[in-house]
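Thanks for making the time, everyone. I would like to walk through one structure with you, beginning with the open and closed spaces and then turning to charges and a few backbone details.

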Amino acid sequence: MEKTRYEKLVLKYMPKEDSVKNCIVAFLVGGLVGVIGELLINFYSFVLDIPKDESGPYMIVTLVFLACFATALGYFDTLVAKAKAGLIIPITGFAHSMTSAALDYRKEGLVTGIGSNIFKLAGNVILYGVVSAYFFGLIRFIIFGG
Amino acid sequence: MTSKYNNVYLKTVSTVAGPLEKEGPLGELFDRTNFDYYFGKDTFEQAEMSMLSNSINILLQKASFTEKDIDLFISGDLMNQVTTSSYTAAKYDIPFLGIYNACASMVEGLIIGSSMIQNKFAKNCICSSTSHNLSAEKQYRNPIEYGAPRAKTTTYTVTGSGSALLSGEASKIKVESSTIGKVKDYGITNVFNMGAVMAPGAADVIARHLNDTKRKPEYYDLILTGDLGKYGKEILRELIKEQYAVKLGDNYNDSATMIYDLENQPVFAGGSGPACLPLVAYSYVIPKMLSGELKKVLLVATGALMSPTMINQKLSIPTVAHAISLEVVK
């Protein structure tokens, strides 16, 4: 059977993914994470009287901690599987990927296990984040003069 | 390559399974199940080894044998370096052959064992295949606690170990014939649709087996594939009809859709892995053969010979399937 004919046959029995539903869920959950971030900033600034430029980092640390904690407890993967991009794109996704990788290798040593594998999934984000920051910085410098 | 046997018998079988399989439709039929994925060990890889030794020990117990009575131990699993089988074999004083054909390992083992017994090189042979969902996920895909979204065609690696004791001594079920599969590659690169990857291998080996033995599909009371899954099953039906003019009737089923309750368990298109076919065949089909309800069964183990490295290099996934025919002795 030729490749194209088999491809057609496979597509015939391929169930449809709920793309629209997934997008809406990701949008709402991702937005909700943003809202929680803002609420945390306000909480740190107005309730705990932390200077406004410091409450940003505190908010990030809080979200990262919550994602790591929930991953370690074993609940976060179920949430991520449902919310998909909504929880993967924000900082929660980065923290989740590092914690889950570290958990997998916890019995294989601090260096050869956790150390060698913790950035398994996050390495991509770091590499291409830094590379794109470089290029966007360059573009900004050339167009806007810095 | 189809071979017929006249002095190979399936003396007894054993099955060990994990928590999700325990909650499935065949949960009560396994010899041993565990409430969690650790089986009392520290890591999932070691839990997998523990499942395999349990499977062997239960098998020896059922046959009233000790390891001294066994001439050969053939075992396959999904771990790199066939670790589960090798490290477990170290605990036994039995000559060992480690094999790998992914989810087709079960029948590959039975074929090698049957050939050894047919030629009187061995009198009693244990053939096992094992897999563990979490050790497989860690090795082939993402970290276990990572909630990566999955496609609806994804299958769920079964946690379990199935062992069979093949013997030259007559018993109720005999190994009648087998057909060794050819590796097929129909250009599928989607790792989330293993059913589509494996259907061509199954189609080829079933068609060749029927052709070589001059039989029609109706000859068998049951033709059982290993792990094509909910969608792969249908692809096989249409593919084998269109390409080989073989019509599979109601006597065809697939283990992936039998080991789990697809409606109520989070397993998408069904089970997969080297343990899928043995858990279903040994716990459900063999008892039906012993009671006379099924007399002639063709087991077709389907394996996706997937390599994560080759996927990254943009190659498509090859597959192989092996078939073995079991019959109740009259």
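Let me begin with how spaces are found: on a 1 Å grid over the protein atoms alone, a pocket is an open set of points with protein on both sides within 12 Å along at least five of seven lines, whereas a cavity is a set of points where a 1.4 Å probe fits but cannot get out, and lining residues have an atom within 4 Å of a point. Grid points are joined across faces, edges and corners, and a volume is the space filled by probe spheres set on the points.

Please keep in mind that this is a predicted model, in which local features need pLDDT of at least 70 and side-chain atom pairs count only at pLDDT 80 or more, while totals for chains, interfaces and linings use all residues. Residues are numbered from 1 along each chain as its sequence is written, chains are lettered from A and ligands numbered from 1 in the order in which they are written, and side-chain values use heavy atoms, with hydrogens and water left out.

With that in place, the second largest pocket holds about 300 Å³ of space. Its lining is made of 13 residues, and those nearest the centre are L121(A), A122(A), N124(A), V125(A) and Y146(B). When I speak of helices (H or I, at least four residues) and strands (E, at least two), I mean DSSP runs numbered from the N terminus. In chain A, α6 (91-104) and α8 (122-144) each supply at least two residues of this pocket's lining, and α6(A) gives the most, with four residues.

Now to the charges. Side chains of opposite charge can pair when their charged atoms come close. I count a salt bridge when a side-chain nitrogen of Lys or Arg is within 4 Å of a carboxyl oxygen of Asp or Glu, and this rule gives 16 salt bridges over all chains. One of them joins E242(B) and R5(A), with 2.5 Å from N to O; this pair crosses between chains, from helix α7 (residues 229-244) of chain B to helix α1 (residues 3-12) of chain A. Both belong to a network of salt bridges that links R5(A), K12(A), E238(B) and E242(B).

For accessibility, buried means under 20% relative accessible area, exposed over 50%, and partly exposed in between, using a 1.4 Å probe and protein chains only. E242(B), at 42%, is therefore partly exposed, and so is R5(A), at 25%.

A second salt bridge is formed by K11(B) and E169(B), whose closest N and O atoms are 3.6 Å apart. Here the partners are 158 residues apart, K11(B) being in strand β2 (residues 9-17) and E169(B) in the loop between β8 (160-167) and β9 (173-179) of chain B.

The salt bridge between R208(B) and D204(B), at 3.1 Å from N to O, has another setting: the two are separated by about one helical turn because they are four residues apart in helix α6 (residues 194-212) of chain B. Both of these residues are buried.

What, then, of a buried charge that has no salt bridge? Counting Lys and Arg as positive and Asp and Glu as negative, with His and the chain ends not counted, E48(B) is such a case, and the nearest side chain of opposite charge, K138(B), is 10 Å away. E48(B) sits in helix α2 (residues 44-63) of chain B, and its side chain makes a polar contact of 3.0 Å with that of T84(B). A polar contact is a pair of N or O atoms within 3.5 Å; within protein, one must be able to donate a hydrogen and the other to accept it, and residues adjacent in sequence count only if both atoms are side-chain atoms.

Lastly, the backbone. Most residues other than glycine have a negative phi. A245(B), which is not a glycine, has a positive phi of about 55°, and it lies in the loop between α7 and β11 (252-254) of chain B. F268(B), also not a glycine, has a positive phi of about 50°, and its place is in the loop between α8 (256-259) and β12 (271-272) of chain B.
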